[in-house]
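Colleague: I am new to this entry and would like to learn how to read it. Could we take the features one at a time?

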Amino acid sequence: MQELINRAKELLADGTVARVLGWREGDMSYNPEVAYFNSAEELDKFVYNGFCAANLSKYMIEASKLEGKTLVFLKPCDTYSFNQLLKEHRVDREKAYIIGVGCCGKLNVEAIKAMGIKGIQSIEIDDACETLTVKTIYGDKTVAYKDAMLERCHVCKGKEHMVYDELMGESRDTVDAERFAEVERIEAMSPAEKFAFFQAELSKCIRCNACRNVCPACSCRKCVFDSNKFDSAQKANVDSFEEKMFHIIRAFHVAGRCTDCGECSRVCPQGIPLHLFNRKFIKDINKFYGEFKAGEDAETKGPLTNFTFDDVEPCDAVERG
Amino acid sequence: MDMFKIAKADLSKLLAAIAAEQDLFVPAKVAGQTNFTLWNEETAVDLDTLKTVKSPKDVFFPQSENLYTVKKEDKKYKITPEELCSRDFVVFGMKACDIQGVKVLDRVFLADPVDTFYAARRAHGTIVALACGEPEESCFCSVFGVDPANPDADVALWVVGDDVCWKALTEKGEALTAKVEALLSAGDEAAVEAKKAEINAIVEKLPYADLDLEGWHGDATKEKFDSPVWDDLYKPCLACGTCTFVCPTCQCYDIKDYDTGHGIQRYRCWDSCMYSDFTMMAHGNNRTSQLQRFRQRFMHKLVYFPANNDGMYSCVGCGRCVDKCPASLNIVKVIKAFKKEEAAK
């Protein structure tokens, strides 16, 4: 972490960048927040550890409008989002100085709490990212790092950065699950079971819009759901149809552009596995158009925005079930 | 009033007895998350989870509710007002912070002009509260004068060993006790006092126990409003409505029409000061930046509300925003940031 701070100070001092976009230590071990740093002094509060899960790519939309370059730290999976935003002309490559940072998987404090751990006073992460020492007012606990990881890290796309100016820090392979296993489990359900599954999950939705607001693919200047001319409230589900409509429309809208960064599920206050919608689309796109990874580069046209005569016929898609 | 008790193992009998005569809301786990829900025989009651994701405020002030329906019949419009709550109900397992939240809502909805929808629910609702056995690190209710060991409800409950102790605190609570008395036996006042002492000892150890509210009061608008602290604080905010929708005291709502095809349903729903169309008026919006919207929320809780309500804050220290904000921002960080700024001056 100190190397990152030192390098950021250098780049600020020599005028390469005007500011730094990173994470600042929180008031608890597990809640660092996204922050801009404008001076070497401010950088003393910079932090980079397992709890720095936030994908900073989307913040670069606003940073692209500022004077001068912004140094941004991107984890491997964040770089897919950045490329996708570049492709959609939402961020300016010239305004970004990207340090690709290593990643040992990111942590989810909800996973730690789900183990019955309460009253957390501090969480210490060992250097090897193997073990967490959790001090609580009800006694100390030890947790294996991988048991506290976000879902997305168990099915990581890979630790290679797709876009960067320089790379720093080590990564570690964190894959220990099959990415499409949960999608396949749901595909195998009967229509009634599928309906019951999504009904139970989506009726928890409180329409906070956190999934949309954090999503790098949801970068419309004004969302249709925020329009007061649209006959659907952005802030409440009028009926059980609307519970589903919002999420299904969003999933369709980001299809072919979603990089599976997993931010939607990370931020959902109700723990809805929203990534499953997007992953289903990714699986289908792979099947019908060949392997495609949104954000792998900033040039290739996505299969859903690029018509070719070899495209799958709609009837084939209907049969997919 | 007398202390009663019931074995934890018999709680389901108690709930069934309560539900026999009225509606019953309980914290229950659905698809992995615990929220208040209407009880039935199959409900997976969860009294172990300290905080429900959403506060139970929507028992009294639902996220969305119809106000009236307009239906076109021939060439006439028929307007049918929504009926007020007329059925008694019990909310079981509310915590002290959430009850303080209801008191905040009372200030808003029971003041003139009285909100009849809310008032009807308050009149028909009986609150059975559960003292907090194991407060969590995000809790700071004591900072706002709330005692998690002594919930101020119609009936208070304490889990002591394998028993749940029961004490009525109001007339409504006495009435409910009378209905279920057959299931209760005499409780031990001393054991409950020991439990309270235990809870209070934990509260003192909580990391936010010493949060300092100095400088936050009804007359602080001038010094807080234009502070440069906001400019740094708001930046990670995603402008989502999580903090406002999980909050037990956020009470802003919007009124909207839902097109039913042959008329409209006029309903109200929770609004969020984080949203771009919040308080939108014919002339436009009086808060056009996220900085302004972010500032509004905290100024309302800690300055404007106390200014209009005899110093009462509209934060109760439940810590849901601490737990749930996707950008790890919350009212504690706001209070601390101002403290730091003032110390640096």
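Modeller: A residue is called buried if 20 or more other C-beta atoms lie within 10 Å of its own, exposed if 12 or fewer, and partly exposed in between, with C-beta atoms placed from the backbone. By that count, 45% of the 345 residues of chain B are buried. This is a predicted model, in which local features need pLDDT of at least 70 and side-chain atom pairs count only at pLDDT 80 or more, while totals for chains, interfaces and linings use all residues. Residues are numbered from 1 along each chain as its sequence is written, and chains are lettered from A and ligands numbered from 1 in the order in which they are written.

Colleague: Which residues of helix H1 of chain B are buried?

Modeller: An α-helix has 3.6 residues a turn, so residues three or four places apart point the same way. In H1(B), residues 11-21, the buried ones are Leu15(B), Ile18(B) and Ala19(B); they line one face of the helix, because they fall within an arc of 95° seen down its axis, the arc being that of the directions from the helix axis to the C-beta atoms. Ala20(B) and Glu21(B), on the other side of H1(B), are exposed.

Colleague: How many residues of chain B are in contact with chain A?

Modeller: Two residues are in contact if their C-beta atoms, placed from the backbone, lie within 7 Å. Here 44 residues of chain B are in contact with 36 residues of chain A. S11(B) gives the largest share of that side of chain B, four residues, where strands (E, at least two residues) and helices (H or I, at least four) are DSSP runs, numbered from the N terminus.
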